[in-house]
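Hi,

Here is the structure I promised to pass on.

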Amino acid sequence: MLDSRISKRYAAALFGVAAEPGKVDEIYKELGEFISFCSGRSCLKEFFCHTYIDKKEGFEVAGLLAAELSFSGELLNFLRLLIDNERVGYIDRILNEFSVLRDNLLNIARVKIVSAKELGPGEESRLKGIM
């Protein structure tokens, strides 16, 4: 319950910073790239999540990553906020909540199709075309 509230609060804050539709997509992609980059390097994810690491070192590493991966200043500041408040461990859930806000802004509906039988390739592509 607390995890959900924290994730929603941080997602809403980030969404407020990226109020323009074009900026929302940019931040969404950058945050996803950061998560993917860290997921492929477990030691990096641990580095950001552990509280025994000096925050200044975390800021430096986040700055280096932002420069290397060409992240916006908004995302870098957000990462610094997460590091400072020891909330980097929530980043996956924050992205999920940000995604919900983004989808609402852009009028995107997520659907799940259930079928009693396996769909053939033609049926799958036809459904994707309709959606």
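Predicted model: local features only at pLDDT ≥ 70, side-chain atom pairs only at ≥ 80, totals over all residues.

Where is Ser 70 found? Ser 70 sits in the loop between α4 and α5; helices here (H or I, at least four residues) are DSSP runs, numbered from the N terminus.

Residues are numbered from 1 along each chain as its sequence is written, and side-chain values use heavy atoms, with hydrogens and water left out.

Most residues other than glycine have a negative phi. Ser 70 is exposed, with a relative accessible area of 58% (exposed means over 50%, buried under 20%, partly exposed in between, with a 1.4 Å probe and protein chains only). Ser 72 lies in the loop between α4 and α5 (73-84), but Ser 72 is buried, at a relative accessible area of 9%. Leaving aside residues up to four places away in sequence, Ser 72 touches Lys 23, Glu 26, Ile 27 and Glu 30, where contact means heavy atoms within 4.5 Å.

Positive phi turns up elsewhere too. Glu 86, in the loop between α5 and α6, has a positive phi of about 55° although it is not a glycine; Glu 86 is partly exposed, with a relative accessible area of 44%. Asn 107, which follows α6, has a positive phi near 55°.

Now α4 itself. This helix (residues 55-68) has 14 residues and reaches 20 Å from its first C-alpha to its last, close to the 20 Å expected (1.5 Å times one less than the number of residues). Its buried residues are Gly 58, Ala 62, Gly 63, Leu 65 and Ala 66. Seen down the axis of α4, they fall within an arc of 165°, so they line one face of the helix; the arc is that of the directions from the helix axis to the C-beta atoms. The face turned away from them carries the exposed residues Lys 56, Glu 60, Leu 64, Ala 67 and Glu 68.

What does α4 pack against? Helix α3 (residues 42-49) and α4 pack at about 135°, with axes 10 Å apart. Axes are lines fitted to C-alpha atoms, for helices over the stretch in contact, and angles run from 0 to 180 degrees between N-to-C directions. That makes α3 oblique to α4 (under 35 degrees counts as roughly parallel, over 145 as roughly antiparallel, 65 to 115 as roughly perpendicular and the rest as oblique). Leu 44, Phe 47 and Phe 48 of α3 meet Glu 57, Gly 58, Val 61, Ala 62 and Leu 65 of α4.

Finally, α1. The axes of α1 (residues 2-17) and α5 come within 11 Å and cross at roughly 155°, so the two are roughly antiparallel. Here Tyr 10, Leu 14 and Val 17 of α1 meet Glu 74, Phe 78, Leu 81 and Leu 82 of α5. α1 also packs with α6 (residues 91-105), at an angle of about 50° and with axes 8 Å apart, which makes α1 oblique to α6. In α6, the buried residues include Ile 94, Leu 95 and Phe 98.

Cheers
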